[in-house]
Amino acid sequence: MGDLHDTKVLKHPFSDRVPIRSIVCRPDGGAGLGGQLVRIGGWVKTGREQGKGSFAFLEVNDGSCPANLQVIVEKEVADLSSLVHTGACVSVEGVLKEPPEGTKQKIELRVGKVLHVGPVDPAKYPIPKTKLTLEFLRDHIHLRPRTNTISAVARIRNALAFATHSFFQEHGFLYIHTPIITTSDCEGAGEMFQVTTLINEVEKIEKELSENPPPSEADIEAAKLVVKEKGGAVAQLKSAKASKEDIAASVAELTNAKENLLKLEERSKLKPGIPKKDGKIDYSLDFFSRQAFLTVSGQLQVETYACTVSNVYTFGPTFRAENSHTSRHLAEFWMVEPEIAFADLEWLLDKCLDDMELMAKLYDKGCIDRLRMVASTPFKRISYTEAVKLLEEAVQGGKKFENKVEWGIDLASEHERYLTEVLFQKPVIVYNYPKGIKAFYMRLNDDSKTVAAMDVLVPKVGELIGGSQREERLEVIQQRIVGMGLPLEPYEWYLDLRRYGTVKHSGFGLGFERMILFATGIDNIRDVIPFPRYPGRADL
């Protein structure tokens, strides 16, 4: 964007438009740009005609920052009635001027030319300028980025994604694209979306059979008879030493008869319903010739690269078919999975302070202080056994939890938040979890009861990061897979990493949307991803 003290305003690199950010986000609020001719484009947040319809004030936003630019249009320049509606798109050219003393704006745009108007019918536009709930906006997913909150979340999400990549790239990690379609269940929980073309094929076959019924036994017998007759005719011509042309014509008829019989026999095998073998669905006829799923994590696959190029990470969408309606669960979400630390939180306060200030004002007045605290405070470290003991002491002291506290439980969100928000008032790293509640790939500790796992719990969200040392011992990981009731066959490739040049290695998974919840203070995870998917909803 250049030096904000420049007196020359900078255009967007790929158009002749000046981003509103480069006008109003300067330290002087744009005051030093008076007299400059600029072209801006954006959407009207609010508009009103003044001076008995002689001019209009528009607040225009182009998404480059939370702030609007005040635009003044006189009736001689354009028809004001189509410009003032919330949601209208405008592209205008004019001169930046300092407004009269006492107004909150430091600069405004006096329009000389209106280049484009994308009009809006205010009676039908579903995103009026009144305050709207985030729940209401979920019913208008395609228009909700027009609101201050959702556009600020998009900028914060972008800054965090960039910071994540920057961190790993600066520390020598390779970004590996792991598959979205997989044939192994990383977590062993079985809550996976299946990828199959069998249902489409069945529907196609059933439609085909209803329009064109399968051949009967009699049809096939008749076709066999024709083949026999044509075969006899060829033999007769050959024994009679007929001309090559006659024999060739007769052979062609025989070939057609054989092809017709083959088609009829194939069609006779078509049956409605999902194909089965030995009473089970026959996945050998599916697209990938075996069961396939949307991935719950790229971790297992990225380990194949960790075990050869050392430092790697994956950052992409993951999927879980958990029928959960909580404010912490999505069916499609993004994970950062390196195979140490995650993006520097100071970065967000540096790059998106105006958006973070909007979050503090609208949703969580403590969000900026919380980020500063996390960026500057050492995390508390306790074992799972210590954590359960502290929670049990809280219960004895009169604290009521909805979920029972005892050794062996998977800590619930309320337990995690109690530890971070009430007991320690900062992030807490809990380590050495019971093996029964953690995945098979986590390294078994010497007590044979716990695994070398650690979760980072943070205020507001609970678990933000889950990580572990991976089990590098072949016999131990085989026993763990079998002990969890999982088949060995889909994991043979993963076991090969332990058979051939095994190495101690560790990694973690960071739920990207949870990090945005933590940063912004927004309550529901459905509001920090552009297109949320959850039970019953997959809009667009």
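**Reading the strands, surfaces and salt bridges**

User: Where is the place of Ile181?

Analyst: Ile181 sits in strand β7, which spans residues 181-182. Helices (H or I, at least four residues) and strands (E, at least two) are DSSP runs, numbered from the N terminus. Residues are numbered from 1 along each chain as its sequence is written, and side-chain values use heavy atoms, with hydrogens and water left out. This is a predicted model, in which local features need pLDDT of at least 70 and side-chain atom pairs count only at pLDDT 80 or more, while totals for chains, interfaces and linings use all residues.

User: Is Ile181 buried, exposed or partly exposed, and which words go with which cut-offs?

Analyst: Buried means under 20% relative accessible area, exposed means over 50%, and partly exposed lies in between (1.4 Å probe, protein chains only). Ile181 has a relative accessible area of 38%, so it is partly exposed.

User: Which residues form a nonpolar patch on the surface?

Analyst: Patches are made of residues with over 30% relative accessible area and no salt bridge, where like charges are joined within 9 Å and nonpolar side chains (Val, Leu, Ile, Met, Phe, Trp, Tyr) within 5 Å. The areas come from the Shrake-Rupley method with a 1.4 Å probe, and for residues only the protein chains shown count as cover. Here Ile180, Ile181, Phe287 and Phe288 make up a nonpolar surface patch, with about 380 Å² of accessible area together.

User: How many bridges pair strand β1 with β2?

Analyst: Two strands pair if DSSP finds at least two bridges between them. Strand β1 (residues 37-50) pairs with β2 over seven bridges in the antiparallel sense, and Gln50 stands opposite Phe55 in β2. The two strands form a hairpin with four residues between them, and Gly51 in the turn has a positive phi of about 55 degrees.

User: Is strand β2 mostly covered or uncovered, and what does β2 join through six bridges?

Analyst: Strand β2 (residues 55-61) is mostly covered, since six of its seven residues are buried. Six bridges also join β2 to strand β3 (residues 69-74), the two running antiparallel, and Leu69 in β3 is the bridge partner of Val60.

User: What order do the eight strands of the open sheet have?

Analyst: The order is β6-β12-β13-β18-β17-β16-β15-β14, with mixed pairing. The edge strands are β6 (174-175) and β14 (380-383), each of which pairs on one side only. Within this sheet, strand β16 (residues 450-458) and strand β17 (residues 462-469) run antiparallel and are joined by six bridges, with Ala453 facing its bridge partner Ser468 in β17.

User: What is a salt bridge, and how many salt bridges does a search of the whole structure find?

Analyst: Side chains of opposite charge can pair when their charged atoms come close. A salt bridge is a side-chain nitrogen of Lys or Arg within 4 Å of a carboxyl oxygen of Asp or Glu, and a search of the whole structure finds 32 of them. One of these joins Glu513 and Arg157 (2.7 Å, N to O); Glu513 counts as buried because its relative accessibility is 2%, and Arg157 is buried too, at 12%.

User: Which residue forms a salt bridge with Lys460?

Analyst: Lys460 is bridged to Asp523, their closest N and O atoms being 3.0 Å apart. Lys460 lies in the loop between β16 and β17 and Asp523 in the segment after α15 (512-520), so the pair ties together parts that are 63 residues apart in sequence. With 14% relative accessibility, Lys460 counts as buried.
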